[in-house]
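Let's walk through this structure together, from its charged pairs to its overall layout. Please keep the viewer open as you read.

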Amino acid sequence: MSAKQAEIQGRIEAEIADPLRELALDVEAVEITPAGKRRVLRVAVDKDGGVTLDDVAEATRLIDTVLEASDVMGEHPYTLEVTSRGVDRPLTLPRHWRRNADRLVKVTLADGTDFTGRIGSTDETRAIVEVSGVDREVAYADVEKALVQIEFNRRKTADVDDVDDTTDEDEEGDA
């Protein structure tokens with residue numbers, strides 16, 4: 001990426017970050033790529049609890065309004081795409097770890113060791129990752145790379161397992 005492109009992406013992020021924060025959304029990535037005579041501006045957003053289609057639609061309208069009122073994109077035509085952060089992006093900030101609590105993560109440390117475990121509690125400097133039944137404290141500063149692993153048969157959380165599926169009618173019928 002050229003220095004000019006990095007500068008433009010930084011300016012775009014600066015323009016849209018505060019308005020998106022009012023929607024409880026964080027800017028996770030801003031990318032501009034050429035597409036023929038146009039450019040594609042991709043903005044990835046995220047929030048606690050995950051991003052819905054309604055969030056993406058509202059963010060798209062807001063970003064479009066902000067950019068139309070600004071000169072940051074210049075005169076060249078562009079297409080705006082707003083997406084969620086996605087699971088393929090590395091965990092680089094404390095909020096990424098927090099938002100992926102109870103998910104399986106593959107961690108590579110700066111010393112070259114790696115392991116896979118489930119994210120437990122997190123704070124601003126570290127996460128507790130359960131590895132083979134043992135809690136391991138992981139300082140973010142020691143992490144070279146951390147990627148959420150896709151689970152097709154993701155374990156259910158206690159909230160789901162403890163739900164009582166019976167209704168009042170079932171209980172009356174059993175009496």
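A salt bridge here is a side-chain nitrogen of Lys or Arg within 4 Å of a carboxyl oxygen of Asp or Glu. With that rule, a search of the whole structure turns up 17 salt bridges. Before we look at some of them, please note that this is a predicted model, in which local features need pLDDT of at least 70 and side-chain atom pairs count only at pLDDT 80 or more, while totals for chains, interfaces and linings use all residues. Residues are numbered from 1 along each chain as its sequence is written, and side-chain values use heavy atoms, with hydrogens and water left out.

For orientation, helices (H or I, at least four residues) and strands (E, at least two) are DSSP runs, numbered from the N terminus. The protein has five helices and eight strands, and their order from the N terminus is α-β-β-α-β-α-β-β-β-β-β-α-α. Burial is described by relative accessible area: buried means under 20%, exposed over 50%, and partly exposed in between (1.4 Å probe, protein chains only). Of the 175 residues, 32% count as buried. A contact means heavy atoms within 4.5 Å. Among contacts between residues at least 6 apart in sequence, 52% join residues at least 24 apart.

Let's begin with helix α1. This helix has 19 residues and reaches 27 Å from its first C-alpha to its last, close to the 27 Å expected at 1.5 Å a residue; the expected span is 1.5 Å times one less than the number of residues. There is a bend of about 25° at E15, and a proline, P19, follows within four residues. The bend at a residue is the angle between axes fitted to the seven residues ending there and the seven starting there. Which residues of α1 are buried? They are I8, Q9, I12, I16, A17, P19 and L20, and their cover includes β1, β2 and α2.

D18 is partly exposed, because its relative accessible area is 48%.

In R85 and E28, the closest N and O atoms of the bridge are 3.5 Å apart. R85 lies in the loop between β3 (78-84) and α3 (94-99) and E28 in strand β1 (residues 26-35), so this pair ties together parts that are 57 residues apart in sequence. R85 is buried, with a relative accessible area of 8%, and E28 is buried too, at 17%. Now find R98 and D48, whose side chains meet in a salt bridge at 2.6 Å, N to O. This pair also links distant parts of the chain, with R98 in helix α3 and D48 in the loop between β2 and α2 (53-68), 50 residues apart. R98 counts as partly exposed because its relative accessibility is 36%, and D48 counts as partly exposed at 45%.

One of its members, D46, sits in strand β2 (residues 38-46) and counts as buried because its relative accessibility is 12%. Not counting residues up to four places away in sequence, D46 touches A24, L25, D26, E28, V51, R85 and R99.

A24 is worth a look at its backbone: its phi is positive, about 65°, although A24 is not a glycine. A24 lies in the loop between α1 and β1 and counts as partly exposed, at 48% relative accessibility. D102, in the loop between α3 and β4 (104-109), also has a positive phi, near 75°, in a residue other than glycine. D102 is buried, with a relative accessible area of 15%.

Accessible areas come from the Shrake-Rupley method with a 1.4 Å probe, and for residues only the protein chains shown count as cover. The accessible surface of the protein comes to about 11,200 Å², of which 48% belongs to carbon and sulfur atoms.
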